[in-house]
Structure formats: structure tokens, C-alpha cells
Amino acid sequence: MRVDAGLAKLLGLSRTVIVAIADAGDVLIDGRVVGKSDRLVAGAMLEITLPAPPQPITVQAIPVEGMIILHEDDDIIVIDKPVGVAVHPSPGWTGPTVVGGLVASGHRVATSGAAERQGVVHRLDVGTTGVMVVAKSESAYSALKHAFKERTVDKVYHAIVQGHPDPIKGTIDAPIDRHPKHDYKFAVMNSGKPSITHYEVMEAFRAASLVEVHLETGRTHQIRVHFSALHHPCVGDLTYGADPTLSKRLGVSRQWLHARQLGFHHPADGQWVTFTSEYPEDLSSALEKLREEG
């Protein structure tokens with residue numbers, strides 16, 4: 001294997017990190033400095049000098065404009081996440097976060113989990129809007145993490161995808177892994193983790209379709225990757241092959257993807273609860289334009 005691909009698997013680090021290590025001259029094979037595209041050879045002596053561990057990421061208590069509280073009790077807080085907001089801090093992200101917004105507005109969240117993602121039991125992409133739940137109590141954190149792991153949570157998304165999926169109702173069962181060439185993307189790969197997406201076309205337009213999606217698994221970028229693999233990328237999702245001309249015509253500057261509904265057993269009493277998020281203005285406007293076009 002290539003040095004970057006092989007060491008990423010061997011060390012569990014991203015390919016971007018491995019490339020930086022190789023570019024710094026810190027990967028040696030039999031005492032010789034090698035580059036990211038050189039090959040790993042069986043039986044050779046491999047030496048790697050790892051960089052210093054990163055500094056701990058801290059949560060910045062910054063108010064988040066447009067973040068709506070849909071429900072709050074002693075155990076959970078359900079929010080409507082706006083576009084352009086990350087769920088929690090991460091390396092290289094300097095924008096607003098859900099966790100930081102909750103802290104800034106005086107909301108208590110569970111202390112379980114890594115320091116920068118306390119209370120977080122699931123995530124939405126920065127460019128994806130909609131409903132999500134954050135744990136307030138430690139018992140709720142444990143119960144919800146278990147529920148997401150065991151797939152007992154009902155996660156419903158709405159997306160507008162290019163073209164017309166055939167069949168109009170189906171299941172996409174295709175493993176997902178990091179893209180072999182672009183570290184910021186994911187792709188359908190035989191080496192990936194099992195990923196299952198159920199969908200049904202709700203409305204068909206001339207150039208696109210509104211689909212309802214039920215996620216059985218929750219891989220990063222799963223809906224975007226699966227529909228892109230079918231050659232029906234989410235409208236506006238230029239990262240995964242969307243038509244920029246259509247995106248511009250509809251006034252969409254990010255993927256048309258919205259976490260519409262979230263249902264789960266409440267961690268306090270086990271009762272089934274469901275929360276729904278309305279479309280934000282940019283997605284609603286694009287949908288109306290498609291309906292007007294026919």
C-alpha cells in the first residue's frame with residue numbers, strides 16, 4: 001500500500017495527518033525518508049515520529065443566532081439547528097456550535113463524553129439544518145447513546161435530489177468509508193462500514209425529486225454519499241456532484257437536506273416522543289420554485 005493509505009489504517013489517523021507527518025520527513029523505511037506516495041514493503045523497518053498531541057479543544061460560549069429550542073425538560077433539550085452551525089468544537093472550526101450556544105444561553109448539558117462534546121449523542125453536518133437532541137442529565141446521555149447505537153431512534157430527513165430515483169421507494173445498502181483521494185469527503189467503498197438508507201419519493205418535479213429518508217445507520221454524510229452514488233446528489237451539494245447551474249437557479253448555496261423529524265423513547269419514562277422541524281427559508285424557497293416550474 002501507499003504510505004499515506006497504509007499508515008492511516010495502521011495508526012487510525014486521517015490521511016491528512018499522515019501526509020503532514022510524511023511531508024515533515026518523519027516517516028522512514030529502513031532508515032530512508034519516504035514520501036506519502038511511496039510504497040510500504042513487507043519485512044522492512046518502519047519508523048514514524050508522531051507530532052505532539054493537540055491541545056485540548058475548549059467550548060466557546062457564543063450565542064447562536066436562529067437556534068430554536070423545540071422542547072426542554074430535566075433530561076433533554078431538543079433544538080432546531082440552523083445552517084452554518086457545527087454541533088461541537090473541532091480542530092480548524094472557528095464558527096458557532098450547538099454546545100457553545102446552549103452554554104451561552106445558560107442551558108445545562110450533561111458532563112458525559114469528551115470535554116468539547118458533552119451531552120452530544122448524535123450530530124448533523126454544518127450545512128444540514130433541523131431537529132436534534134442534546135442530553136442534559138447523565139442518565140439521559142447513557143440512555144440516548146444506547147438508543148442511537150441500537151438503532152431504536154427514528155430519524156427522518158427530507159431531501160431534494162437531482163433527477164428521479166428509480167424505484168421511487170427503495171433501500172440503499174452500501175458501505176461507506178473515507179474517500180480514497182479527498183480526506184474531507186466520504187464514498188461508497190467495499191472497505192467501509194455498513195450503511196443503510198431507506199427512501200421514498202414524495203414529490204417529483206421536472207429536474208428533481210423531494211424524498212423522505214429514514215436512516216437505519218448514521219454514518220457521516222450518509223444521505224449525501226448514498227444519493228450521489230446513485231447519480232442523484234442532493235440539490236446544492238457541490239461537494240458530492242450537484243449541478244451548480246440548478247443550485248444557482250434555485251438559490252441554494254448548500255445541500256437541500258433537512259432533519260425533519262426525530263422520534264425516540266424518552267429517557268425519563270420510556271414514552272415515545274416525536275419532534276418536528278419546519279423547513280428554513282432557503283430550503284422552503286427552493287422547493288416553491290421547483291413546484292412553480294412543474
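Analyst: The largest pocket has a volume of about 1900 Å³. The model is predicted.

User: What makes this space a pocket rather than a cavity?

Analyst: A pocket is an open set of points with protein on both sides within 12 Å along at least five of seven lines, whereas a cavity is a set from which a 1.4 Å probe cannot get out. The space of about 1900 Å³ is listed as a pocket, so by that definition this space counts as open.

User: Which residues lie nearest the centre of the largest pocket?

Analyst: Arg-123, Asp-125, Phe-186, Arg-219 and Thr-220 do, out of a lining of 47 residues. By class, the lining divides into 19 nonpolar, 13 polar and 15 charged residues.

User: Which elements supply at least two residues of that lining?

Analyst: Helix H4 (138-149), E7, strand E9 (176-178) and helix H5 (222-229) each do. H4 has the largest share, 4 residues.

User: What is the volume of the second largest pocket, and what lines it?

Analyst: The second largest pocket holds about 340 Å³ of space. Its lining has 15 residues, with Ala-8, Lys-9, Leu-13, Asp-177 and Arg-178 nearest the centre. H1 and E9 are the elements that give two or more residues to this lining, and H1 gives the most, with 3 residues. The classes here are 6 nonpolar, 4 polar and 5 charged.

User: How do you know how many cavities to count?

Analyst: The count takes cavities of 30 Å³ or more and comes to 1. The largest cavity has a volume of about 30 Å³. Its lining consists of His-122, Val-131, Lys-155, Val-156, Tyr-157, Ala-259, Gln-261 and Leu-262. Strand E7 (154-162) and strand E13 (257-265) are the elements that give two or more residues to this lining.

User: What makes E7 mostly covered?

Analyst: Buried means under 20% relative accessible area. In E7, 8 of its 9 residues are buried, so the description follows from that cut-off.

User: How do you know that E7 pairs with E13 and with E12?

Analyst: Two strands pair if there are at least two bridges between them. E7 and E13 have 6 bridges in the antiparallel sense, and E7 and strand E12 (residues 208-215) have 8, also antiparallel; both therefore meet the rule. As examples, Tyr-157 has Ala-259 in E13 as its bridge partner, and Lys-155 has Leu-215 in E12.

User: Why are E2 and E3 called edges of their sheet?

Analyst: The open sheet has 3 strands in the order E2-E1-E3, with antiparallel pairing. Strand E2 (32-33) and strand E3 (46-48) each have a single partner strand, so one side of each is left without a neighbour in the sheet.

User: What joins E1 to E3, and which helix lies across them?

Analyst: Strand E1 (residues 27-29) is joined to E3 by 3 bridges and the two run antiparallel. Val-27 has Ile-48 in E3 as its bridge partner. Helix H1 (residues 3-11) lies across E1 and E3, at about 75° to E3.

Terms used
Residues numbered from 1 in each chain as written. Predicted model: local features only at pLDDT ≥ 70, side-chain atom pairs only at ≥ 80, totals over all residues. Heavy atoms only, no water. 1 Å grid on protein atoms, 1.4 Å probe; cavity = no way out; pocket = protein on both sides within 12 Å on 5 of 7 lines; lining within 4 Å. Points joined across faces, edges and corners; volume = space filled by probe spheres on them. Buried < 20%, exposed > 50% of the residue type's maximum accessible area, 1.4 Å probe, protein only. Contact = heavy atoms within 4.5 Å. Axes fitted to C-alpha atoms, helices over the stretch in contact; angles between N-to-C directions. Nonpolar A, V, L, I, M, F, W, Y, C, P; charged D, E, K, R; others polar.
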